[in-house]
Amino acid sequence: NLESKATLHNGVKMPWVGLGVYKMKNDQEVVNAVKSALEIGYRSIDTAQFYDNEEGVGQAIKESGIPREEIFVTTKIWNTHQGYDLTLKTFEKSLEKLGMDYVDLYLVHWPVPGKYKETWKALEHLYEQKKVRAIGVSNFLIHHLEDLFQEAEIKPMVNQVEFHPQLFQKDLLNFCNEHQILLEAWSPLARGKYFGDPVLQELSQKYGKTPAQIMLRWDVQHGVVTIPKSTHVQRQKENADIFDFELTEEEMKALDGLNQDKRVGPHPDEFN
Ligand code: NAD
């Protein structure tokens with residue numbers, strides 16, 4: 001269920017399913033969405049400096065009355081604010097906006113060339129200061145991780161990347177597993193772009209589950225944390241209701257086979 005958690009390499013636990021809030025407006029939209037998710041039982045929220053809705057996320061958490069320590073909050077440092085000093089400063093702004101004195105997971109949003117190693121040093125510092133319970137990266141390919149390892153004192157606990165059956169990043173997943181880096185899927189539903197796929201439709205029929213639920217179940221069975229986005233209560237419920245069925249090995253392979261290395265978002269080597 002929504003309480004089941006993955007364990008990061010430093011022992012911190014993170015829910016398998018969380019709510020993504022990209023593109024939600026920093027007004028009643030994000031406040032209502034986060035509140036309804038928390039009511040349903042979500043205990044993990046994924047925001048970012050770039051989403052410009054950290055205030056609303058913080059407000060919703062406060063108003064929910066749920067103790068802060070029961071909720072896993074992720075935010076990220078944006079590309080224009082990378083570098084050692086600016087990251088430390090920007091982190092404080094995020095805390096202020098969230099109205100919190102720590103975050104659970106702080107991520108380097110994209111591997112900005114020439115900047116991300118310095119940025120990582122700032123995240124290590126924040127971790128040592130106990131201002132963050134875990135640190136990680138996002139949109140890092142194998143070559144970025146190998147490069148980061150040259151200087152890092154702490155290995156990232158998480159790598160959040162675009163991941164869904166048409167973009168089954170198998171080599172990256174294996175690499176992360178070898179290094180105890182938990183993979184986290186963004187756009188796990190590929191923003192709804194291929195729910196009509198025949199393999200998804202067939203499994204949907206078989207289990208009485210929606211294509212969205214099949215895609216999210218596929219993540220969890222791969223040991224990948226997932227953060228589908230929805231502002232609608234019914235869809236939030238649906239996206240969380242993936243713990244009462246299990247795909248067979250053969251079905252997992254059929255879904256893996258949908259891979260076309262096809263992205264809905266930018267390629268990490270072409271975006272910064
Ligand atoms: P997603 O794959 O989660 O798709 C969300 C969209 O799918 C919704 O807007 C809605 O239209 C539809 N949807 C959701 N639930 C549905 C359901 N049950 N049935 C039918 N349609 C449904 O896409 P996303 O928002 O891009 O990704 C999820 C989260 O990942 C984001 O909100 C954000 O937190 C994170 N993210 C991170 C990065 C990064 O660079 N680190 C990039 C993009 C997104």
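This is a predicted model: local features need pLDDT of at least 70, side-chain atom pairs count only at pLDDT 80 or more; totals for chains, interfaces and linings use all residues.
View 1. Eight strands, in the order β3-β4-β5-β6-β7-β8-β9-β10, form an open sheet in which the pairing is parallel. At the edges stand β3 (19-20) and β10 (225-226), each of which has a single partner strand, so one side of each is left without a neighbour in the sheet.

**View 2. Strand β8 within its surroundings.** Strand β8 spans residues 158-162, and because 5 of its 5 residues are buried, the strand is largely enclosed by the rest of the structure. Burial here means that 20 or more other C-beta atoms lie within 10 Å of a residue's own, with C-beta atoms placed from the backbone.

**View 3. The pairing of β7 with β8.** Strand β7 (residues 132-138) pairs with β8 in the parallel sense over 2 bridges; Val-137 has Asn-159 in β8 as its bridge partner, while Ser-138 stands opposite Gln-160 of β8.

**View 4. The pairing of β8 with β9.** Strand β9 (residues 182-186) runs parallel to β8 and is joined to it by 5 bridges, and Asn-159 has Leu-183 in β9 as its bridge partner. Together with helix α6 (residues 170-178), β8 and β9 make a right-handed β-α-β unit.

**View 5. Helix α4 across the sheet strands.** Helix α4 (residues 116-128) lies across β5 (72-77), β6 (103-108) and β7, and the helix runs at about 170° to β6.

Conventions. Residues are numbered from 1 along each chain as its sequence is written. A residue is buried if 20 or more other C-beta atoms lie within 10 Å of its own, exposed if 12 or fewer, and partly exposed in between; C-beta atoms are placed from the backbone. Helices (H or I, at least four residues) and strands (E, at least two) are DSSP runs, numbered from the N terminus. Two strands pair if DSSP finds at least two bridges between them. A crossover is right-handed if, with the strands pointing away from the viewer, the path from the first strand over the helix to the second runs clockwise. Two residues are in contact if their C-beta atoms, placed from the backbone, lie within 7 Å. Axes are lines fitted to C-alpha atoms, for helices over the stretch in contact, and angles run from 0 to 180 degrees between N-to-C directions.
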